[in-house]
Amino acid sequence: MSVQFQQVRCAYAGRPPILDGLDLTVEEGEIVAIVGRSGAGKTTILKLVNRLLLPSSGAVVVQGRDTREWDSIQLRRRTGYVFQDVGLFPHMTVEDNVRVLPRLEGWTVERQRARAHELLQLVGLPADVYGARFPSELSGGQRQRVGLARALAVDPQVLLMDEPFGALDPITRAEIRGEFLRIQARLGITVILVTHDMGEAFSLGDRVAVLDAGVMIVCAAPAAVAASRDPRVRAFIDSLPPIPAA
Amino acid sequence: MPVLRFWQAHAAELLGLLQQHLLLVCVSTTIAVVIGLPAGVIAARRPRAGRVILAGANVAQTIPSLALLGFLLPLPFIGGIGARTALVALTLYALLPIVRATVTGLATIDRAIIEAGTAMGMTPRQLLMMVELPIALPQIVAGIRVATVIGVGTATVAAAIGAGGLGEYIFRGLAMVDSTTILAGAIPAAALALLADAALAAAERWLRGGRVRKARVAVAAAATVVALGILAGSAVVRDARATVVVGSKNFTEQVILGEMVAQALEREGMTVDRRLNLGGTFVCDKGLRSGDLDLYVEYTGTAVSAIFHEEVPRDPQRALNRTRELYARSQLSALAPLGFNNTFTILVRGRDARERGLRTIEDLAPLTASWTPGFGHEFLQRQDGYPGLVSAYGLTFKSQPRGMELSLIYRALADGQVDVIAGDATSALIASLDLAVLEDTRQYFPPYDAVPVVRAASLRREPAIARALSHLAGRVSAKDMRALNAAVDLEKRHVRDVVAQFLGSLAP
């Protein structure tokens, strides 16, 4: 499922626009990582895709259809969303969290259960060990994994990820990134990921876009972005810690 | 312990009152949940509507319970004597804690959780039912817990309008100046409140674990309570369909007279529903007019002045005639007087009377500078009560008269809290507490002959009522009445037994 942003502008009266003239096409099966500082409009981009927001002007086209024409519930159920603060339902077990959407979609109980077990296995939290636990009984990394499994539950064609692995320690983060890439390659999902961490963008994105004050400065393969001379892009790259010489 | 003996002797009655009490609380709390939960959801969704809803619930909560019952009593459909009015009042009280808990419970849910649900494609309804309400449930249960505990306490007041419950003992005890009877109602009520509190606190703790399956169990349990409530409600309604409904006001003599009339009717084969201990003249009169009561015993002087707001003729026969004329306009019949005149009488301590040589009300004049009068709330307000008394005798009390519960007033006089009171001429306590009656030389107090007042429609429907009551006409002397009062107030005998014995002693 492809996603196109066509001259998208998002603005509230009396304030500088959050997004201004965004043009971006995300191809099916591609991972686009969007980098920007806090307040650069990153989360707004994600919310436009599943119609949590509508553009002030321009259009967001998902699978050839303007989001204005999509039924928001239908669109959201085909769009997985992974949050920085996860948003797991605290009153449900891990397995029930993953089964929420299949249940809403009217799947049989057996199919719900099979799907939850498959996904929990996929994210490295076998259901027979973790399925009956509550979110409060998991570590931050485990919760992120459950969030990912939940977002994948009804085979979304687009996955939206908002600082998905931000709150994790570096080793866990590297582990989950690896797993995520493996899963994504297997399922062939289109992914739009926003982050303020250029390192995360480089390690996950097929293409990396840099957003500054609502305007996209560059969108290219990681190597091309790394070679950019634009000072606004360099600021992100130079913020990465150098690897100390041996 | 006397309370234990009391419970032993009244076990069946206690059980019945406890049951009524529980039903009142269960039904009203259930209705409050059914109304309050959606109201709370709306209030949480729309802040403007929310302010209105919370303000309304707040106002309902601040009205004192007796006053609220008084407001509701004359209203059509929801008012009237009995459980219905009490349920409305209790429901109003239970609303605020439930609405507020729902609003707080919903408002304090982590935004990220709501956003996750929305982004997943949950409809607002699914979000509410699957996510928001389950997460808010422990808080809502906490609100229900507060509402229930308030309800258990407030339900004791329901006895004042004939709704039954443990308040019966409290009001009866107050009427008899008997702390054992008061405790017999107050202790189980307090225990019930503590029990309900503990049970719901346990439910709340259990839900705090936040388990969706358990929440389902809780919903099932709540549904069971609702079903029970409906059952209970129908039981209350069925109770109201007894053949003849007899009322009485809330003092011993009235309860005895109510019981006497009831037993007389039962001897004629009628089924009687007793609504004794109702909260005063106003409540009984309203009940009679609305058809909630078929009859109660009123006093001629009270009827003419307090109900019809007219000057009471000083001649007993003329007062009776006027009473009949006035009632007839409202399709009510005053039957033959029972035989005694329970006039008001001014009382002082016997010791004071002897030391100061007090014999008549006029003798009080020199003492008004230092003496504190104490009167029932009704006496203070009534035209033929305190205002008329002081002007008729030219008394000018320096201290403000103290308004007191009618039943506490004799004891207050004996204990020296007040120095002069108005009491019933037939009170058993006059002798037992060594009180002295001051003679009403200026005939200030009008005649108060006891007469049964019956709805004309009831007399047509049940001709046996007139027959049964004709057996009582002129048969109860003031001396009989004092003895009956003494048997109940002082000897602590059951009203039912005392009355049965008395009726048995009346030769046909």
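User: How many salt bridges are counted between chain B and chain A?
Analyst: The model is predicted. A salt bridge needs a side-chain nitrogen of Lys or Arg within 4 Å of a carboxyl oxygen of Asp or Glu. Glu115(B) and Lys47(A) form such a pair, with their closest N and O atoms 3.4 Å apart. The count between the two chains is one.

User: Which helix gives the most to the side of chain B that touches chain A?
Analyst: Three helices of chain B each supply at least two residues to that side: H6 (111–119), H7 (124–154) and H10 (212–239). With seven residues, the one that gives the most is H6(B).

User: How much area do chain B and chain A bury between them?
Analyst: The contact draws 21 residues from chain B and 24 residues from chain A. On the chain B side, Ala119(B), Met120(B) and Met130(B) lose the most area, together 30% of what that side buries. Of the area buried between the chains, 67% lies on carbon and sulfur atoms. The total is about 2000 Å².

User: How many residues of the side of chain B that touches chain A are nonpolar?
Analyst: Six residues of that side are polar and four are charged. The nonpolar residues number eleven.

User: What is the radius of gyration of chain A?
Analyst: Chain A holds ten helices and ten strands. For its 246 residues the globule rule gives 18 Å, and the chain's own value is close to that, so chain A is as compact as a globular protein of that length. Its radius of gyration is 18 Å.

Key
Residues numbered from 1 in each chain as written. Chains lettered and ligands numbered in written order. Predicted model: local features only at pLDDT ≥ 70, side-chain atom pairs only at ≥ 80, totals over all residues. Heavy atoms only, no water. Contact = heavy atoms within 4.5 Å. Buried area = accessible area lost by both parts, 1.4 Å probe. Helix = DSSP H or I, 4+ residues; strand = E, 2+ residues; numbered from the N terminus. Nonpolar A, V, L, I, M, F, W, Y, C, P; charged D, E, K, R; others polar. Rg over C-alpha atoms; globule rule 2.2 N^0.38 Å.
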